[in-house]
Amino acid sequence: MLSGRRLDLADPSPFDIEITDIAHGLARVARWNGQTHGDHAFSVAQHSVLVVEIAVLLAPAMPAADRMAALLHDAPEYVIGDMISPFKALVAGEYKAVEARLLAAIHLRFGLPAERRAELSRAIKAADKIAAFHEATRLAGFSSAEATSFFGRPRGIEAGKLPLDPWPTAVAQQRFLSLFEELAAAMGTAALSR
């Protein structure tokens with residue numbers, strides 16, 4: 001990693017994880033394999049910020065720790081990249097195991113339980129699907145019917161109120177880090193962010 005850390009994918013340690021590495025990597029990983037409209041790729045960092053925004057719209061009283069889990073829901077992709085869903089389904093077993101180990105280490109590093117409770121996982125998945133629907137239809141060329149078949153039709157969250165214009169890499173990285181710092185401070189774990 002750029003921080004100088006070395007991360008063992010077979011046995012990731014929370015001590016080898018830095019938020020600056022995560023933000024840097026996610027700002028450079030393109031959603032939809034880069035097959036989106038705009039001058040910039042729609043990054044996983046921007047998607048992560050979007051998922052938090054949607055999660056809070058769905059549950060305005062969501063605690064900071066739950067918002068942090070939403071922000072970090074795709075954090076393993078800073079190391080393993082973002083695979084499109086059909087390909088993930090083909091290689092599901094070991095990929096999912098590596099992803100789960102990384103996410104558990106990331107959670108522990110930033111003061112979250114290694115595993116999310118089922119209710120929180122469902123809330124994050126709901127926000128993630130809404131984000132994916134709007135990304136698909138606004139950026140990736142999907143028809144509404146096609147996106148609905150993959151992600152369901154979002155109710156109550158309109159695309160016009162969401163940050164869907166792709167951000168430049170530096171902006172995505174900074175906005176991800178700023179939201180992380182805000183949530184870490186709200187959780188009382190600002191020291192973990194350094």
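**Figure 1. Welcome to the whole fold.** The protein has a radius of gyration of 16 Å, which agrees with the value near 16 Å for a compact globule of 194 residues; this radius is taken over C-alpha atoms, and the globule rule is 2.2 Å times the number of residues to the power 0.38. This is a predicted model, in which local features need pLDDT of at least 70 and side-chain atom pairs count only at pLDDT 80 or more, while totals for chains, interfaces and linings use all residues. Residues are numbered from 1 along each chain as its sequence is written, and side-chain values use heavy atoms, with hydrogens and water left out. The C-alpha trace spans about 45 × 35 × 35 Å along its principal axes. You will find nine helices and zero strands here (DSSP runs numbered from the N terminus, with H or I over at least four residues for helices and E over at least two for strands). Of the 194 residues, 45% count as buried, where buried means under 20% relative accessible area, exposed over 50% and partly exposed in between, with a 1.4 Å probe and protein chains only. Among contacts (heavy atoms within 4.5 Å) with a separation of 6 or more, 69% join residues 24 or more positions apart.

Figure 2. Leaving out residues up to four places away in sequence, Ile22 touches Ile17, Ala75, Tyr78, Ile106, Phe110 and Phe176.

**Figure 3. Where H2 meets H3.** The two helices pack at an angle of about 145°, with their axes 8 Å apart. For these values, axes are lines fitted to C-alpha atoms, for helices over the stretch in contact, and angles run from 0 to 180 degrees between N-to-C directions. On the H2 side, Ser48, Val49, Val51, Val52 and Val56 meet Arg67, Ala70 and Leu71 of H3. By class, this contact has six nonpolar, one polar and one charged residues; Ala, Val, Leu, Ile, Met, Phe, Trp, Tyr, Cys and Pro count as nonpolar, Asp, Glu, Lys and Arg as charged, and the others, Gly among them, as polar. H3 is mostly covered, with six of its eight residues buried: Ala64, Asp66, Met68, Ala69, Ala70 and Leu71.

Figure 4. Leu179 sits in helix H9 and counts as buried because its relative accessibility is 14%. Beyond its neighbours within four places in sequence, Leu179 is in contact with Val49, Val52 and Leu71. Leu179 and Arg67 lie 112 residues apart in sequence, yet 9.6 Å apart in space, C-alpha to C-alpha.

**Figure 5. A buried threonine in a loop.** Thr36 belongs to the loop between H1 and H2. Its relative accessible area is 15%, so Thr36 is buried. Setting aside residues up to four places away in sequence, Thr36 touches Arg31, Ala41, Phe42, Leu139 and Ala140.
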